[in-house]
Amino acid sequence: MNMAQTIGKIVSNPSIVGAIASSILIILFGYYLRKKEVFNNTTSKILSNVVLTAALPALAYDSFMQDINQHNLKQGINLLIWGFAIYIILIAITKILYIKFKGDKKEVLRVLTIFGSTTFFGIPITQAVYGATGVMYASIFNIAYRVFLYSYAYIKMSGMKMDKNNFKKMISNPIIIATFAGIIVWIFQASLPQVNVVEKGKAMHFAFLRIDKTALWLFTPLSYLEKLCSPLAWLSVGAKLAEIPFKDAITSKDSWYYSFMKVIIVPALNLVCLYVLTVSGILHFSFIAVATIVIAMATPTATVAAAYAISFDKEAVATSNCSLLSTLASVVCMPIWIVILEVIKQSHIFM
């Protein structure tokens with residue numbers, strides 16, 4: 001199959017086209033609703049809070065409600081290792097990427113480049129394209145993200161040392177709690193107390209915390225909550241875009257440079273590194289693991305990182321411009337990245 005046939009097969013895939021179209025159209029709908037003032041100036045924040053405190057924790061926990069196997073366990077370990085490694089690498093490499101900038105602007109652009117909206121923007125797209133396994137991998141990969149976001153990013157933006165309040169905020173985050181709870185159930189399900197369940201006429205044993213098998217009365221409402229994640233997140237993104245002056249962002253050369261680094265260079269760097277690690281045998285990554293990482297890294301400015309910059313009065317205007325332009329760039333480039341990933345899938349480099 002040649003390249004043209006491969007791309008044709010990808011763009012004619014209903015699930016891929018549907019996921020891409022859904023994200024773009026719902027974001028545009030959120031933009032329209034805010035412009036028409038159906039959404040007011042607090043709607044985006046309210047939607048974000050629902051996603052972050054209810055829908056995403058439900059999605060994170062439910063993604064681990066699956067049987068464990070050696071392949072997925074190994075992928076999870078490799079994702080955790082690479083999660084910490086890539087943030088250390090980005091901390092170093094962004095010094096070079098922004099060498100021409102000075103002072104606060106340099107530090108702010110570095111932090112905004114290192115931390116994308118992996119939770120709010122990346123996971124909904126990952127769920128739409130790669131399903132529960134993709135969400136599980138994304139949740140594991142995001143552990144390092146949250147550690148560095150609430151420590152390194154906070155210190156850089158505030159100029160202060162890590163305090164106990166910020167540490168408490170990190171470990172009490174509902175998504176972190178749900179992720180670790182899910183990981184514990186997933187890894188230790190064979191060792192937990194077992195419950196007899198009749199499935200397809202056969203008696204089977206499952207850990208009592210495998211609520212997808214043992215407590216459908218609890219799993220079903222969580223499933224409804226997780227289905228809210230993508231549409232509410234995309235509506236919130238659209239509503240937020242409608243509140244930022246477009247002209248200022250579009251004429252800012254610094255914002256264009258930042259968006260190029262954030263949405264193209266950072267995910268490309270990850271892709272190259274993952275290829276080298278896999279072919280060299282140092283760490284082996286499956287295709288879904290690689291796709292999850294690339295999508296996470298091709299996301300726009302992280303909401304928390306932007307909030308740090310604005311709260312501590314560090315390049316607030318530049319941060320708003322970068323947030324808008326990188327979001328637009330990500331909406332445009334994400335479908336391209338998904339197509340590139342599917343082309344790579346056909347090469348069977350990552351199995």
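Guide: First, a definition: helices are DSSP runs of at least four residues, numbered from the N terminus. The model is a predicted one. Isoleucine 96 lies in helix H4, residues 70–97.

Visitor: Why is isoleucine 96 called exposed?

Guide: Exposed means over 50% relative accessible area. Isoleucine 96 has 60%, so the word applies. The C-alpha atoms of isoleucine 96 and arginine 110 are separated by 9.7 Å. Along the chain, those two residues are 14 apart.

Visitor: What makes glutamate 37 exposed?

Guide: The cut-off is again over 50%. Glutamate 37 has a relative accessible area of 64%, so it counts as exposed. Glutamate 37 sits in the loop between helix H2 (14–35) and helix H3 (43–62). Its phi is positive, about 65 degrees, although glutamate 37 is not a glycine.

Visitor: How do you know that aspartate 254 and lysine 105 form a salt bridge?

Guide: The rule asks for a side-chain nitrogen of Lys or Arg within 4 Å of a carboxyl oxygen of Asp or Glu. In this pair the closest N and O atoms are 2.9 Å apart. That is within the limit, so the pair qualifies.

Visitor: Why does this pair tie together separate parts of the sequence?

Guide: Aspartate 254 belongs to helix H13 (residues 253–280), and lysine 105 to helix H5 (residues 103–114). The parts are 149 residues apart in sequence, so the bridge ties them together.

Visitor: Are these two residues buried, partly exposed or exposed?

Guide: Buried means under 20%, exposed over 50%, and partly exposed lies in between. Aspartate 254 has 25%, so it is partly exposed. Lysine 105 has 24%, so it is partly exposed too.

Visitor: What is the salt bridge partner of glutamate 107?

Guide: Lysine 156 is the partner, with the closest N and O atoms 3.2 Å apart. Glutamate 107 is in helix H5 and lysine 156 in helix H6 (residues 118–158), 49 residues apart. Glutamate 107 is partly exposed at 24%. Lysine 156 is partly exposed at 30%.

Visitor: Why do lysine 240 and glutamate 243 count as a salt bridge?

Guide: The limit is 4 Å. Their N to O distance is 3.9 Å, so the pair passes. Shared partners join Arg34, Lys240 and Glu243 into one network. By this rule the count comes to eight salt bridges.

Visitor: What makes strands E1 and E2 a pair?

Guide: Pairing needs at least two bridges. Six bridges join E1 (residues 194–199) to E2 (residues 202–207), so they pair. The two strands run antiparallel. Asparagine 196 stands opposite histidine 205 in E2. Two residues lie between the strands of this hairpin, and lysine 200 takes a positive phi near 55 degrees.

Visitor: Why is H13 called roughly parallel to H16?

Guide: Angles under 35 degrees count as roughly parallel. H13 and helix H16 (residues 316–347) pack at about 30 degrees, with their axes 8 Å apart. The angle is under the cut-off, so H13 is roughly parallel to H16.

Visitor: Which residues make the contact?

Guide: H13 contributes several residues, among them Trp256, Tyr258 and Leu271. H16 contributes others, including Leu325, Cys333 and Trp337. The crossing of H13 and H16 is right-handed.

Technical notes: Residues numbered from 1 in each chain as written. Predicted model: local features only at pLDDT ≥ 70, side-chain atom pairs only at ≥ 80, totals over all residues. Heavy atoms only, no water. Buried < 20%, exposed > 50% of the residue type's maximum accessible area, 1.4 Å probe, protein only. Axes fitted to C-alpha atoms, helices over the stretch in contact; angles between N-to-C directions. Parallel < 35°, antiparallel > 145°, perpendicular 65-115°, else oblique. Left-handed = near helix turned anticlockwise from the far one by under 90°. Contact = heavy atoms within 4.5 Å.
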